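Hi there,

Here is the structure I promised to pass on to you. Have a look at it first, and then read on for a short tour of what turned up.

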Amino acid sequence: MMPPILRLNNVSRSYKTRNPDGWGSTVLRAAADVTLDVYEGQTLAIVGESGSGKSTLAKLLLMLHPPSSGDVEFRGASLAKLDKRRRSEYRRQVQAVFQDPSSSLNPQMTVEQTLGYVVRRHDLVSDADQRGFLLRQLESVGLEPADHYLTRYPHQLSGGQQQRIAIARAMMLEPKVIIADEPLSSLDVSIQAQVLQLMLDLRTRTNVGFVIISHDLAAMQSIADVTAVMYRGRIVEIGKDVYDKPAHPYTRLLLDARLASNPRHGRIRAAAATKTPTVRSVRLEGGCSFRDRCPYAVEICATSEPVLRPVGAGETKAACHRADEFSA
Amino acid sequence: MSTAPSAPLLRVSDLKVHFRVADRLVRAVDGVEFEINAGECVGVVGESGSGKSTLVRAISRLMPNLPLDEVSGNVAFEGRDIFAMNDRELRALRRSRGFSMIFQDPLGYLNPTQRVGRQIAEALSPDGRGRPDRVRVQELLDEVGFPDPARVARRFPHELSGGMRQRVMIAIALASDPKLLFADEPTTALDATVQLQVLETLYRLHKERNMAVAIITHDLGVVAEMCDRVYVMQTGKILETASTVDLFEKPQHPYSARLVSLSTHRLHGAGGPE
């Protein structure tokens with residue numbers, strides 16, 4: 001396999017947050033000792049609940065935030081130490097798509113101005129060829145007739161169309177990898193399916209890799225080659241098969257929380273009438289950070305922090321002391 | 001599930017809500033027929049812009065703050081015409097044994113400067129007469145699943161998580177002991193594990209109180225888990241109404257079929273026109 005294009009090498013990122021009572025501040029470790037490889041042509045999904053640190057990983061990979069410790073590497077070189085030529089190469093080869101296209105597109109610029117800016121900034125084609133180039137870009141993300149869209153402002157487009165423009169803007173530099181932070185969650189399900197399909201098509205056509213940050217396990221199952229599950233700043237499981245053979249109890253908890261897709265298999269109606277208390281989970285010192293919610297926690301979980309390690313014979317890795325028992 | 005009762009709890013006939021946005025006429029609700037029986041759990045599914053939220057707001061006479069072009073039709077709650085009521089009658093219905101509503105974004109509907117307990121007490125006695133009923137406040141918090149009601153009552157909304165805020169909203173909605181609860185995308189903003197807990201709570205209250213629930217959602221998973229019957233809505237019109245099992249197994253309208261297929265296989269049905 002080719003070496004990874006991007007690599008998080010034992011990266012941590014902390015944020016200072018004000019305490020709710022207003023006195024003093026707390027240091028929050030949004031990413032803690034994360035090591036992760038991103039390859040060209042591969043779709044890597046990062047899933048987890050809100051606050052798990054998945055968007056922090058996207059920001060680190062995009063150089064929007066520097067790591068507090070550890071290194072983010074582009075083709076083996078630390079992002080912090082890239083020279084001008086390599087930095088420009090990085091900016092071309094690593095592109096971003098965000099959650100809310102209406103705020104990631106400039107409302108005062110037409111589609112032609114938004115995309116044309118990138119063409120000139122990176123000197124992609126001559127001014128004379130720009131229009132034809134942009135039309136081809138729009139067609140490649142399924143916006144036809146393309147000339148109809150060039151003169152439009154973002155507010156004249158639907159959410160799905162806006163997200164296609166954002167994807168076209170990322171794709172026109174022929175990037176090796178696109179970092180997409182919740183690219184589906186502001187879209188309707190039928191539009192989500194179209195955008196997912198577009199990403200699959202682009203990958204087949206151009207071998208672009210994707211890092212998709214999402215809380216939607218069902219959508220990621222249909223598109224991801226490899227899935228990393230995050231919990232409180234750590235990757236607790238990573239592998240190809242996490243949906244069918246979860247090795248970490250947290251992955252299992254997430255999968256169990258999926259709603260039924262068939263009313264005959266609904267659990268809520270079947271199980272009704274048990275009073276579910278709200279769980280106020282607390283950050284525990286030492287040991288496994290999931291142990292307060294884990295039904296399988298034993299003594300060792302409180303004393304020793306599990307590290308990400310291979311489980312069974314497969315390629316899955318999990319950070320759980322008891323992972324081997326579950327996957328057996 | 002009750003079988004063919006004489007009159008439904010709520011009957012909406014030929015409801016139209018048309019308004020103007022930037023000089024464009026929007027037929028948000030366009031001739032809708034809709035019924036809920038006592039003690040029933042009904043789903044209204046549709047994508048954004050389908051008019052599902054306008055529909056339930058119009059039923060409780062919460063109209064969009066826009067130039068209204070046409071509001072017509074008939075909304076009858078226990079046989080009484082809601083559109084013909086004066087404000088006092090409507091208020092009485094909202095305060096006691098009528099209907100209540102919860103929304104997607106609880107933070108937008110809770111007062112940030114008041115403790116949760118006080119806001120529930122206010123819902124119990126909207127005219128502010130009498131002493132705040134602490135016992136009843138704690139009973140309600142207990143009923144929506146808080147293990148420590150006295151503690152939660154002293155919290156401010158910002159000190160609670162999203163799931164806890166939604167439970168507080170439910171407690172406020174229950175204060176009037178409603179016969180019908182409208183829930184507009186109640187769990188859309190919540191994480192999956194929290195969503196499941198809140199839906200379980202809603203379903204338990206629906207059963208324990210024999211309270212009818214109408215859930216407005218874009219997520220057929222919520223319908224599969226909760227609803228006896230479902231309406232499918234698109235561009236202001238009801239396309240199909242069916243029992244939940246029938247909708248999933250024998251959808252009659254192509255649009256419903258596509259929504260069902262997408263809820264099981266996220267990539268199926270892709271490629272159609274936007």
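A word on strand pairing before we start: two strands count as paired if DSSP finds at least two bridges between them. Strands of a sheet pair through backbone hydrogen bonds, and they can do so in a parallel or an antiparallel way. Please also keep in mind that this is a predicted model.

With that in hand, go to chain B and find strand β7, residues 180–184. β7(B) and strand β8 (residues 212–217) of chain B pair in the parallel sense, over five bridges.

Is β7(B) mostly covered or mostly open? Mostly covered: five of its five residues are buried. In a regular strand, side chains alternate between the two faces of the sheet. You can follow this in β7(B), where B:L180, B:F182 and B:D184 point one way while B:L181 and B:A183 point the other way, and all are buried.

Next, the place where the two chains meet. Chain B brings 39 residues to the contact and chain A brings 37 residues. On the side of chain B that touches chain A, the elements giving two or more residues are α6 (162–174), α7 (192–208), α8 (220–226), α9 (244–249) and α10 (254–264) of chain B. Which of them gives the most? That is α7(B), with ten residues. Sorted by class, this side of chain B has 15 nonpolar, 13 polar and eleven charged residues.

Now over to chain A, which has an open sheet of four strands in the order β2-β1-β4-β5, with antiparallel pairing. Its edge strands are β2 (25–38) and β5 (77–78) of chain A, each pairing on one side only. Strand β1 (residues 6–18) of chain A and β2(A) share ten bridges in the antiparallel sense, and A:K16 stands opposite A:V27 in β2(A).

After α8(A) comes A:N207, whose phi is positive, near 60 degrees.

The largest nonpolar core has 172 residues, and those with the most contacts inside it are A:L61, A:V177, A:I179, A:V211 and B:A214. Leaving out residues up to four places away in sequence, A:V177 touches a group that includes A:I5, A:V38, A:V94 and A:F210.

Finally, look at A:D324 in helix α13 (residues 323–327) of chain A. Why is A:D324 counted as partly exposed? Because it has 14 C-beta neighbours inside 10 Å, and a residue needs 20 or more to be buried and 12 or fewer to be exposed. Leaving out residues up to four places away in sequence, A:D324 touches A:V311 and A:G312.

Enjoy exploring!

Note on methods: Residues numbered from 1 in each chain as written. Chains lettered and ligands numbered in written order. Predicted model: local features only at pLDDT ≥ 70, side-chain atom pairs only at ≥ 80, totals over all residues. Contact = placed C-beta atoms within 7 Å. Nonpolar A, V, L, I, M, F, W, Y, C, P; charged D, E, K, R; others polar. Core = buried A, V, L, I, M, F, W, Y, C linked by C-beta atoms within 7 Å.
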